[in-house]
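Dear colleague,

Please find below the structure that I am handing over to you, followed by an account of what was found in it. I would be grateful if you read the text with the structure open beside it.

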Protein chains: 4
Amino acid sequence: MATMTLTQERVSAAYAALGSGDQAQIDEYWDPNMRWLVPGSHQLAGWYEGRDAFLGFMKRVGQLSDNSFVMTPVTILLNDEYSGDVTHNLGWRSGAKKDTNSLYEKLDIDVIHVLRWRNGRVIEARGAIFGDGATQFNQFWSQVGPEGARAPG
Amino acid sequence: MATMTLTQERVSAAYAALGSGDQAQIDEYWDPNMRWLVPGSHQLAGWYEGRDAFLGFMKRVGQLSDNSFVMTPVTILLNDEYSGDVTHNLGWRSGAKKDTNSLYEKLDIDVIHVLRWRNGRVIEARGAIFGDGATQFNQFWSQVGPEGARAPG
Amino acid sequence: MATMTLTQERVSAAYAALGSGDQAQIDEYWDPNMRWLVPGSHQLAGWYEGRDAFLGFMKRVGQLSDNSFVMTPVTILLNDEYSGDVTHNLGWRSGAKKDTNSLYEKLDIDVIHVLRWRNGRVIEARGAIFGDGATQFNQFWSQVGPEGARAPG
Amino acid sequence: MATMTLTQERVSAAYAALGSGDQAQIDEYWDPNMRWLVPGSHQLAGWYEGRDAFLGFMKRVGQLSDNSFVMTPVTILLNDEYSGDVTHNLGWRSGAKKDTNSLYEKLDIDVIHVLRWRNGRVIEARGAIFGDGATQFNQFWSQVGPEGARAPG
């Protein structure tokens, strides 16, 4: 395989493939042996080993947030081996009211995902959060509500 | 029913009943409609509504810690309606080595449980942790290991 | 000195003495060698060694909150050596608007202070917070605002 | 001024200038009006407005860590406007023993700093931490020791 130059377009296309759910597209950008590290100490945090585990994580995010996440690209950084996409993430817990101000129900953070590429596909990735967003990420993904009620199931 | 005076002995007996797993003993001290609030934002945190939910929590603690918890009573406070037991809790995650120093694998905290009693039984309870133990409680019960590995299932 | 029985009234009087700022009253309830442990990992957390250090902490709380704290007693627990006062604490950062919903500007928590008494005076004390209040306590006393602005010196 | 292409060498040189403490070198890479966002909720967290404030932060880091930090570059990402340096940070609190395992005394994290450049100089920067490093960053920069002792000063 010829060397494939990593471009901002290719990074965007990788995320679009993820969003499409189309297996062939996903396979073009995401290595089956990839791993992904979700920041924090909440229920979703830690290393997902393998693409299937990672896709399971993405699905779980959708369920817990009622697919409410709006991810707005800010900028994409590159070198020969890595990409870094700065993204603004806005989302709500499943069942939360859109006008809630609770950090346990609404997430509003800037993140960066650093993706390592090999042969044109992502082989490893890690996320990190700016400001005090890591604390808020833990609150948002916790299973307790503003008054301490445990989330169902 | 005549008024039952709340004593340190009765508080200790309530915990002993819990530990026994004997349903009749549990029933003597813990109201079926009781609720319990576990501090923090980790997987076990929040309100457990009903005695069955609370007993399920206790069982889960045992599973996740391989029944390693040593709870040492420090003192018991009382009034007509409430008890508060200060307790030193020492425990390890299931699978952790006993000589680990990781806050993700070993817990060593002082806590207080404030129990509200009605007709001689616990009807509501809340735990709280001294020092920076609440952060450590979140680390210990998180599903990530010292290097970010996700705990199995 | 004859043994002094610890009563709920005496505990309340100790806090009233603190609030009065009157040195003679403070001296009646708070031992000069007392120490106090503030929960969390924020700028005010940790052990205050000696009554002067503790009074300095109380003064700092007043400055940082513009004396806005409303502390509502819930119940007081006792035995021969310890008291435990459950208290609802509501307060705002200095400069914050009263209708803010930000956990970085408004604090709304239930706490317990466990006081150890000797010869009628408090010799040691530790605070602990119910629910996920310890996280919120760290946010409230942090020196960052909702958007990450650092609090002035 | 002609457009200056952002290179990995230029990013490295900017950090070297910082480390040198030489004002002329610093002035070549860091805009006087720059701002820097330190992640977390600890005593050093938040936005530093202006280069002088940022340099004050760097000096404070040196004091609190006894200049023990070892920062190992991992990779540098780029585009026309931004750089992102992934760095492994290892450091100890001033006074801590080098063989300590306490998260309150030793820091061992991977971070990324995203720098925004204008006219060849850094105008804005934000840090973010991988894994559960944000929690550990808060513990490390907290003013409490492993047993809750408050740090001097």
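**Strand pairing within the chains**

In chain B, strand 3 (residues 70-78) and strand 4 (residues 82-92) pair in the antiparallel sense over eight bridges. Helices (H or I, at least four residues) and strands (E, at least two) are DSSP runs, numbered from the N terminus, and two strands pair if DSSP finds at least two bridges between them. These two strands of chain B form a hairpin with three residues between them. Within the pairing, B:Thr75 stands opposite B:Val86 of strand 4.

Before going further, please note that this is a predicted model, in which local features need pLDDT of at least 70 and side-chain atom pairs count only at pLDDT 80 or more, whereas totals for chains, interfaces and linings use all residues. Residues are numbered from 1 along each chain as its sequence is written, chains are lettered from A and ligands numbered from 1 in the order in which they are written, and side-chain values use heavy atoms, with hydrogens and water left out.

In chain C, strand 1 (residues 30-38) pairs with strand 6 (residues 121-130) in the parallel sense over four bridges. Strand 1 of chain C is also joined by four bridges to strand 2 (residues 46-49), and these two run antiparallel. C:Leu37 has a partner in each pairing: C:Arg126 is its bridge partner in strand 6, and C:Trp47 stands opposite C:Leu37 in strand 2.

**Salt bridges**

Side chains of opposite charge can pair when their charged atoms come close. Here a salt bridge is a side-chain nitrogen of Lys or Arg within 4 Å of a carboxyl oxygen of Asp or Glu. By this rule there are 28 salt bridges over all chains. One of them joins A:Glu124 to A:Arg35, with the closest N and O atoms 3.2 Å apart. Because A:Glu124 lies in strand 6 of chain A and A:Arg35 in strand 1 (residues 30-38), this pair ties together parts that are 89 residues apart in sequence.

**Where chain A meets chain D**

Contact means heavy atoms within 4.5 Å. By that rule, 28 residues of chain A touch 28 residues of chain D. Together the two chains bury about 2,000 Å², of which 61% is on carbon and sulfur atoms; buried area is the accessible area (1.4 Å probe) that two parts lose on being put together, summed over both. Of the area that chain A buries against chain D, 28% comes from A:Leu77, A:Arg126 and A:Phe130, more than from any other three residues.

Which residue forms a salt bridge with A:Asp110? It is D:Arg126, and the closest N and O atoms are 2.8 Å apart.

On the side of chain A that touches chain D, at least two residues each come from strand 3 (70-78), strand 4 (82-92), strand 5 (106-118), strand 6 (121-130) and helix 4 (133-141). The residues of this side divide into 14 nonpolar, eleven polar and three charged. In this division Ala, Val, Leu, Ile, Met, Phe, Trp, Tyr, Cys and Pro count as nonpolar, Asp, Glu, Lys and Arg as charged, and the others, Gly among them, as polar.

Strand 6 of chain A and strand 6 (residues 121-130) of chain D pair in the antiparallel sense over three bridges, and A:Phe130 has D:Ala128 as its bridge partner.

A rotation of 180° with 0.0 Å of shift along its axis superposes chain A on chain D (RMSD 0.0 Å). The two copies are thus related as by a two-fold rotation axis; copies are superposed by least squares on the C-alpha atoms of residues with pLDDT of at least 70 in both. The copies meet through the same surface, because 100% of the interface residues of chain A are also interface residues in chain D.

**Where chain D meets chain C**

This contact takes 17 residues from chain D and 17 residues from chain C. The two chains bury about 1,100 Å² between them, 48% of it on carbon and sulfur atoms. The rule finds zero salt bridges here, while ten residue pairs are in polar contact (both at pLDDT 80 or more).

Yours sincerely

Terms used: A polar contact is a pair of N or O atoms within 3.5 Å; within protein, one must be able to donate a hydrogen and the other to accept it, and residues adjacent in sequence count only if both atoms are side-chain atoms.
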